[in-house]
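I opened the model to look up a few things and kept notes as I went. The entries follow in the order I made them.

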Amino acid sequence: MFSMSIEEQKQAAAHAALAHIQAPCRLGVGSGSTVKHLITLLPQVKNNLASVVASSETTARLLEQNNIRTSTLDSVGDLDLYIDGADEIDDNLQMIKGGGGAHTWEKILACAARRFIAIVDGSKQVKRLGRFPLPVEVIPLARGYVARKLAAMGGTVEWREGTVTDSGNWILDVRGLELTAAAEQERQIQQIVGVVENGLFAVRRADLAIIATPDGITQHGG
């Protein structure tokens, strides 16, 4: 029986997403290894793209290398569709994102989109979020203050030293949080002064997850 490798799963999930890009589509494009496969496939549906907005400087460069012209969110307005990967996704289509440090821009595009599709390989599926450390983007001045607040919530906090986001901020990675009420906890973290954005995508979760496993593609949501 044919069984797909992780990279083949990522490519398969990205390819399956192409069918959802219908003209004229104002598309937001996420970041990460699975999205890289999507970007290389986008020229196949280029005629369906009214405009494309990138979630990171890295994504913008990759799009341009594949002859996909990018626009700003301000010039485009709301998006028809946002496609992105995830570091973790549960059965309720809630996610942790931000392993690459782009979750603030990613969440902005997700919230600006009428529809949000997550494309992942099977290793990203979890029953409960929290195995992957939760990234929290912070204003540099507030790093210590925010870290203490996150520790008081039960987390073990590590500064992702040397990483600067596209907005010029820093990242704290938080391990050990019991994310049993992810949407409520997302809001709670967001209320800490100095937090720019956290990597919980529970308030704005995916509308559809395209999940590639070694045995094929499954889709959850609508």
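Which residue takes a positive phi just after helix 3? I found Asn67 there, with a phi of about 60°.

**Ground rules.** I am working with a predicted model, where local features need pLDDT of at least 70, side-chain atom pairs count only at pLDDT 80 or more, and totals for chains, interfaces and linings use all residues. I number residues from 1 along each chain as its sequence is written, and side-chain values use heavy atoms, with hydrogens and water left out.

**Asn67.** I placed Asn67 in the loop between helix 3 (57–65) and helix 4 (73–76). Helices here are DSSP runs of H or I of at least four residues, strands are runs of E of at least two, and both are numbered from the N terminus. Asn67 is not a glycine, yet its phi is positive. I noted 57% relative accessibility for Asn67, so it counts as exposed. My cut-offs are under 20% relative accessible area for buried, over 50% for exposed and partly exposed in between, with a 1.4 Å probe and protein chains only.

**Helix 3.** I listed Thr59, Ala60 and Leu63 as the buried residues of helix 3. Seen down the helix axis, they fall within an arc of 100°, so they line one face of helix 3. The arc is that of the directions from the helix axis to the C-beta atoms. An α-helix has 3.6 residues a turn, so residues three or four places apart point the same way. I saw the buried residues of helix 3 pack against strand 1, helix 2 and strand 2 (49–54).

**Leu63.** I then took up Leu63, which lies in helix 3 and counts as buried at 0% relative accessibility. Not counting residues up to four places away in sequence, I found that Leu63 touches Val29, Ile39, Leu42, Val52, Ala54, Ile68 and Thr70. Contact means heavy atoms within 4.5 Å. I also checked Leu63 against Lys36: the two are 27 residues apart in sequence and 9.0 Å apart in space, C-alpha to C-alpha.

**Helix 2.** In helix 2 (residues 33–41) I listed Thr34, Val35, His37, Leu38, Ile39 and Leu41 as buried. I noted that their cover includes helix 1, strand 1, helix 3, strand 3 (79–84) and strand 6 (113–121).

**Helix 6.** Which residues of helix 6 are buried? I found Val146, Ala147 and Leu150 in this helix, which spans residues 143–152. They fall within an arc of 105° seen down the axis, so they line one face of helix 6. On the face turned away from the buried side I found the exposed residues Arg148 and Ala152. The cover over the buried residues of helix 6 includes strand 7 (134–138), strand 8 (156–159), strand 9 (170–175), helix 7 (182–190) and strand 10 (195–198). Just after helix 6, I saw Gly154 take a positive phi of about 105°.

- I found a cis peptide bond joining Ala23 and Pro24, with omega about -10°. Pro24 sits in the loop between helix 1 (6–17) and strand 1 (25–29).
- I noted Leu93 as a residue other than glycine with a positive phi, near 65°. Leu93 lies in the loop between strand 4 (88–89) and strand 5 (95–96), and at 10% relative accessibility it counts as buried.
- I placed Gly101 in the loop between strand 5 and helix 5 (103–112). Gly101 is buried, with a relative accessible area of 8%. Leaving aside neighbours within four places in sequence, I found Gly101 in contact with Arg160, Thr165 and Ile171. Gly101 and Ala17 are 84 residues apart in sequence and 23 Å apart in space, C-alpha to C-alpha.

**The whole protein.** I finished with the totals. I counted seven helices and 13 strands in the protein. The radius of gyration is 17 Å, close to the 17 Å that the globule rule gives for 222 residues, so the protein is as compact as a globular protein of that length. The radius is taken over C-alpha atoms, and the rule is 2.2 Å times the number of residues to the power 0.38. The C-alpha atoms fill a box of roughly 50 × 45 × 30 Å along the principal axes. I noted that 52% of the 222 residues count as buried. Among contacts between residues at least 6 apart in sequence, 72% join residues at least 24 apart.
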